[in-house]
Amino acid sequence: MSSSQSEHTPHARPPGEEEELKRIWATPKGLRAITAVNNNVVGLLYLGAAFLFFILAGILALLMRTQLATSDNTFLSQELYNQIFTVHGTTMMFLFAVPAVEALGVLLLPQMLAARDLPFPRLSAFAVWAYIVGGLVFFSTVFYGMAPSGGWFMYPPLTSSQYSPSNNADFWLLGIGFIEISAIAGAIEIIVGTLRTRPPGMSLDKMPIFAWSMLIFAGMIVFAFPAVILATLLLEFERAFGWPFFIAERGGDALLWQHLFWFFGHPEVYIIFLPAAGLVSMIVPAMARTPLIGYHLIVVALIATGFFSFGLWVHHMFATGIPALSLTFFSAASMAVAIPSGIQVFSWIATFASAPDRVKITTATLFIFGFLFIFVLGGLTGVMVAMVPFDWQVHDTYFIVAHLHYVLIGGMVFPLFATFYYWAPMVSKTPLSERLGRWVFGLMFVGFNTAFFPMHISGLYGMPRRVWTYPAELQLDTLNLVSTVGAFIFAAGVCLFVIDLIIRFRPGNSKVLNPWKAGTLEWLPNDVYCTRTIPHVTSREPLWDQPNLAAEVASGQHYLPNAPTGGRETIVTSAIEAKPDYLLQMPGPGWAHVLAAVFTAGFFLLLTVKLVVAAILSGIAAVVACFFWVWELDPGPSKKVDVGRGVELDTYRSGPSSHSWWAMIVLMLVAASLYLSFMFSYFYLWTVSPDAWPTTIQDSVSILYPVSCAVAFLGASVFIHWASRTLGGGRASAAWSAPVLISVSAVALIVGVGLEVWGHWSNGLRPTESSYGAMVYMASVLTGQLAFTVFVFAIYTNARFFAGKLNNSRRVTFDNLALLIHFTVAQGLFGLALIHGFPQLLVIPQ
Amino acid sequence: MPGSSSDHGTKREPIATALLFLLFGPLVWALHFLAVYGSQSMLCTVLQNQSPRDQAIDVTIWALTVCAGALVVWALMRPHHLADFLKTSLAGNPFHRATAYFLCLLSAFAIAASALGSLFVDNCDTLR
């Protein structure tokens with residue numbers, strides 16, 4: 001079914017079309033505003049929440065600096081200080097930095113891509129509400145002494161049940177879990193949205209740099225976050241059930257946590273930095289009034305940074321006694337990653353230098369200059385600490401604190417403030433004050449450098465990290481006091497910004513269109529439905545190269561001037577060349593996703609406080625809410641519609657080119673990353689404690705169990721494949737067999753997992769006795785989680801069948817289930833090969 | 001049924017092979033990194049104090065590096081061959097071809113940088 005295009009001739013649009021678009025895309029008022037899913041509403045909510053957490057974590061920082069202002073201070077107790085620095089770091093990294101850049105993606109990307117919304121609007125809204133509820137509950141723990149105190153990185157054995165027996169650590173482990181879910185949901189949205197909802201003509205080489213950076217950001221989340229999800233799962237199982245993943249006496253290793261955490265933790269900082277760099281790449285050309293120099297090389301640099309950042313994680317572990325050659329791999333990579341960062345910096349400088357007139361000095365420009373200065377300094381100290389011998393001297397000192405704040409505040413916070421000033425006219429009726437903005441910048445820049453530059457020196461003088469006080473004999477009082485004064489100056493700048501926000505920021509359309517005369521699509525005339533029509537794009541700066549574009553779009557001359565299906569829609573285009581493919585119908589506001597978010601957060605938080613029954617009930621409620629949420633989706637095919645410019649498009653797509661299929665593929669990449677992290681953990685623990693692994697035939701499980709399990713797994717795949725053929729067979733009499741086959745397939749998976757577990761249990765293996773036992777049962781936990789998800793999904797799919805919402809032409813739901821089943825089978829079979837095959841290589845013949 | 005499509009019709013550039021072409025260099029780097037670090041760790045554990053340990057690690061690292069380097073150099077010199085192998089038409093687009101080229105170049109540097117350490121540092125010993 002291909003789109004067709006005839007000669008395009010402009011003509012006046014029928015009356016009432018724009019009003020219809022406004023009605024369809026209107027956001028609910030009053031209490032029902034909570035149910036809104038429009039990206040501009042959800043994005044602002046997301047950004048506002050992230051900024052709130054920035055303020056809250058910043059207040060904690062001021063408390064820390066007050067405690068450290070003088071030696072032997074008793075302003076805060078040791079335990080409270082430990083909780084405060086843990087919550088400060090955790091909040092900044094998990095509740096501010098990543099959500100803020102994700103919020104900017106939700107807010108800006110559809111506008112930059114002239115899409116009416118992201119492809120899964122309720123998923124974004126779900127992510128926001130889960131994050132807000134969970135984040136507020138997590139942060140509140142600092143007020144009643146329940147906050148974790150093991151640092152934002154939560155190293156065992158300090159965070160094991162032996163040394164952290166209360167629920168404090170569990171708040172981190174389970175609390176951060178659903179925030180990770182939120183981030184992954186956002187990543188799926190951004191990948192599919194960036195690749196499939198660009199305007200016609202916006203091929204990959206014309207995509208805005210921010211879109212490139214968000215695409216890479218989302219890809220990095222897919223591969224980095226699962227490692228920390230696995231780590232939190234392992235530590236929580238150890239704390240709750242005694243499975244010894246990190247307990248050395250029973251074959252575990254605390255360093256395993258560090259490997260898993262930093263495999264996530266290092267890409268995490270680039271996850272934070274790359275979108276900010278993308279924002280800078282959008283602002284600099286506008287202020288210099290010239291296209292970005294080296295667009296192509298910046299794309300290369302972003303991709304290279306994204307990849308290389310996965311090869312650096314051990315540089316956080318240089319002092320742990322790892323073999324020297326291993327250290328060199330990571331030292332080399334840590335230095336190599338500076339090259340793509342340098343490419344970007346030189347590109348920005350070259351763009352400023354090539355400005356045809358004077359660079360427009362606005363508050364946004366000032367923050368960009370501040371970013372360049374601070375981030376480059378942070379990058380230089382980064383290359384210093386990439387040298388192992390130097391790192392050994394400064395590890396765990398304030399030199400590292402200085403470095404990380406220079407790269408994170410310089411690399412992300414300053415671009416964020418530039419973003420606020422630059423894009424405020426797009427989302428606010430009145431822009432922020434330029435006069436106050438200069439004061440905000442000045443206070444933040446001076447305050448930041450006053451606070452953090454002396455930390456390089458105090459660190460070199462030996463000031464250790466993560467200490468609640470220091471003795472007077474170290475003679476570091478002056479440097480610490482200067483840092484504290486600087487912190488308060490920085491805070492004054494932020495306060496001034498908040499005052500400006502309160503006075504001036506009013507969500508809505510600005511009276512001034514495109515005040516910076518920028519060239520990208522987000523500056524087209526906008527309303528609740530995004531642009532009046534979706535433009536056909538022919539260059540990277542369409543507003544510069546197509547001067548009449550704004551007028552053409554506003555008068556309805558491009559794509560989708562109306563709502564042909566009567567609901568919320570946007571155009572899906574091909575991934576590489578952005579050719580119109582089909583029309584995506586999207587859901588509107590609703591309570592279901594909000595309730596799903598609240599109950600999901602409830603599930604995790606109730607488990608944290610060991611209210612297991614309540615947690616299970618909350619989990620069931622979350623699942624039911626999800627059923628209601630997705631019930632309206634998968635509307636099924638209808639006749640082709642005219643989307644303007646002589647183009648007719650399908651309104652439905654199933655199979656591998658469907659946006660829904662793509663989302664499932666990304667989700668499976670997440671699951672695969674999680675399992676690969678597990679496999680790394682398995683082999684790592686084997687190298688650490690080979691004695692825990694079976695070495696005789698008698699230790700091994702009878703082969704009947706893995707064989708039966710494999711048969712069950714393969715049967716699941718066969719049954720779902722059979723169900724697919726039954727669905728498409730066209731014989732009504734055979735159609736009843738589809739739900740039976742779906743059910744049998746789901747049950748087969750559960751039986752397979754059960755057989756595997758029973759086999760090991762009956763062989764006498766217990767998960768608490770050794771790290772080997774723990775890993776064997778964890779393999780079943782990971783596959784069992786998927787099997788359970790399949791079971792629930794199968795119930796939903798069958799319900800749709802019996803409600804007449806599932807058949808051969810209306811089969812997206814079924815296709816997604818089939819994908820998940822095949823993936824689960826593949827993971828299960830892989831797990832069997834690992835758990836039963838690998839030890840056979842170690843068995844000594846008797 | 002009219003208005004629906006299950007994926008036949010217009011020929012589209014498959015995204016999987018397109019990504020493989022564009023990201024060939026970094027993917028080879030990632031596999032090389034994984035193989036070098038993984039094999040060095042495994043061999044240090046499995047061979048412990050046995051005499052061929054160091055030679056085995058050196059040979060493994062350099063064999064992996066030569067293979068990875070050769071692949072990346074091949075992609076640099078013959079992008080159209082790579083595109084044909086992957087059954088993608090992306091090499092015909094200057095932007096995609098240049099993106100793949102520069103990524104291969106950076107990856108070649110990173111592959112070499114990873115392996116160089118084995119020339120200067122003991123394979124399994126810690127520094128203290």
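User: Is C626(A) buried, partly exposed or exposed?

Analyst: This is a predicted model. In it, C626(A) is partly exposed, with a relative accessible area of 27%.

User: And what about C495(A), buried or partly exposed?

Analyst: C495(A) is partly exposed, at 47% relative accessibility.

User: How many disulfides are there over all chains?

Analyst: The count is one. The disulfide joins C44(B) and C124(B), with 1.9 Å from S to S. These two cysteines link distant parts of the chain, 80 residues apart. C44(B) sits in helix 2 of chain B, residues 24-47, while C124(B) lies in the segment after helix 5 (94-120) of chain B.

User: Which handedness does the link of C44(B) and C124(B) have?

Analyst: The link is left-handed, with -90° about the S-S bond.

User: Why does C44(B) count as buried?

Analyst: Its relative accessibility is 13%, and buried means under 20%. C124(B) is buried as well, at 12%.

User: New topic. Which strand does strand 1 of chain A pair with?

Analyst: Strand 1 of chain A pairs with strand 2 (residues 580-586) of chain A, in the antiparallel sense, over six bridges.

User: What's between the two strands?

Analyst: Six residues, and the strands form a hairpin. In the turn, A578(A) has a positive phi of about 55°.

User: Why is strand 1 of chain A called largely enclosed?

Analyst: Six of the six residues of strand 1 (residues 568-573) are buried, so the rest of the structure largely encloses this strand.

Methods
Residues are numbered from 1 along each chain as its sequence is written. Chains are lettered from A and ligands numbered from 1 in the order in which they are written. This is a predicted model: local features need pLDDT of at least 70, side-chain atom pairs count only at pLDDT 80 or more; totals for chains, interfaces and linings use all residues. Side-chain values use heavy atoms; hydrogens and water are left out. A disulfide is a pair of cysteine sulfur atoms within 2.5 Å. Helices (H or I, at least four residues) and strands (E, at least two) are DSSP runs, numbered from the N terminus. Buried means under 20% relative accessible area, exposed over 50%, partly exposed in between (1.4 Å probe, protein chains only). Two strands pair if DSSP finds at least two bridges between them.
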